[in-house]
Amino acid sequence: MIVRIMGEGQRELADGHVAELNGLDDELLAEMESGDEDGFRRTLGALLAAVRRLGTPLPDDALEPSELILPAPDATLEEVRTMLSDDGLIPG
């Protein structure tokens, strides 16, 4: 799976890591729904850190279609809210 973090580029993740990311995505969605700004900021950071840790960076000149696009680390709660589907940021 190719994942793009806005403003940082793309990483390739094995499909086996999706469950870990979905757990963080569920937390993020709950914090957004409750308006927990501190929790949102913490969990967004953890989600992006997990993608960085688990994924292999693609070269800057690679332009692969991204299966998942995640917000930049400094995205606001409202900006992320516009990116959400019913499943959160990560489908499934």
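**View 1. Leu68, a buried residue of strand β4.** At a relative accessibility of 4%, Leu68 counts as buried (buried means under 20% relative accessible area, exposed over 50%, and partly exposed in between, with a 1.4 Å probe and protein chains only). Leu68 belongs to strand β4; helices (H or I, at least four residues) and strands (E, at least two) are DSSP runs, numbered from the N terminus. Although Leu68 and Gln10 are 58 residues apart along the chain, their C-alpha atoms are separated by 9.6 Å. The structure is a predicted model, in which local features need pLDDT of at least 70, side-chain atom pairs count only at pLDDT 80 or more, and totals for chains, interfaces and linings use all residues. Residues are numbered from 1 along each chain as its sequence is written, and side-chain values use heavy atoms, with hydrogens and water left out.

**View 2. The open sheet of four strands.** The strands follow the order β3-β2-β1-β4, with mixed pairing. Because β3 and β4 stand at the edges, each with a single partner strand, one side of each is left without a neighbour in the sheet. Two strands are said to pair if DSSP finds at least two bridges between them. In general, strands of a sheet pair through backbone hydrogen bonds, either parallel or antiparallel.

View 3. Four bridges join β1 (residues 2–5) to β2 (residues 9–12) in the antiparallel sense. Within this pair, Ile2 stands opposite Glu12, and Ile5 stands opposite Gly9. Three residues lie between the two strands of the hairpin, and Gly7 in the turn has a positive phi of about 85 degrees. Strands β2 and β3 also run antiparallel, joined by two bridges. Here Glu12 stands opposite Thr56 in β3.

**View 4. The salt bridge between Arg52 and Glu8.** A salt bridge is a side-chain nitrogen of Lys or Arg within 4 Å of a carboxyl oxygen of Asp or Glu. By this rule the count comes to four. In one of them, the closest N and O atoms of Arg52 and Glu8 are 2.7 Å apart. This pair links distant parts of the chain, with Arg52 in helix α2 (residues 37–54) and Glu8 in the loop between β1 and β2, 44 residues apart. Arg52 is partly exposed at 30% relative accessible area, and Glu8 is partly exposed at 37%.

View 5. In helix α2, Arg41 and Glu37 lie four residues apart, about one turn of the helix. Their side chains meet in a salt bridge of 3.7 Å, N to O. Arg41 is partly exposed, with a relative accessible area of 32%, and Glu37 counts as partly exposed at 38%. In helix α3 (residues 77–83), Arg81 and Glu78 are three residues apart and so separated by about one helical turn. Their salt bridge has its closest N and O atoms 3.3 Å apart.

**View 6. A negative surface patch.** Glu12, Asp15, Glu64 and Glu67 form this patch. Patches are made of residues with over 30% relative accessible area and no salt bridge; like charges are joined within 9 Å, and nonpolar side chains (Val, Leu, Ile, Met, Phe, Trp, Tyr) within 5 Å. Asp and Glu count as negative, Lys and Arg as positive, while His and the chain ends are not counted. Glu64 is located in the loop between β3 (56–57) and β4 (68–70). With a relative accessible area of 42%, Glu64 is partly exposed.

Terms used
Accessible areas come from the Shrake-Rupley method with a 1.4 Å probe; for residues, only the protein chains shown count as cover. The place of a charge is taken as NZ of Lys, CZ of Arg, CG of Asp or CD of Glu.
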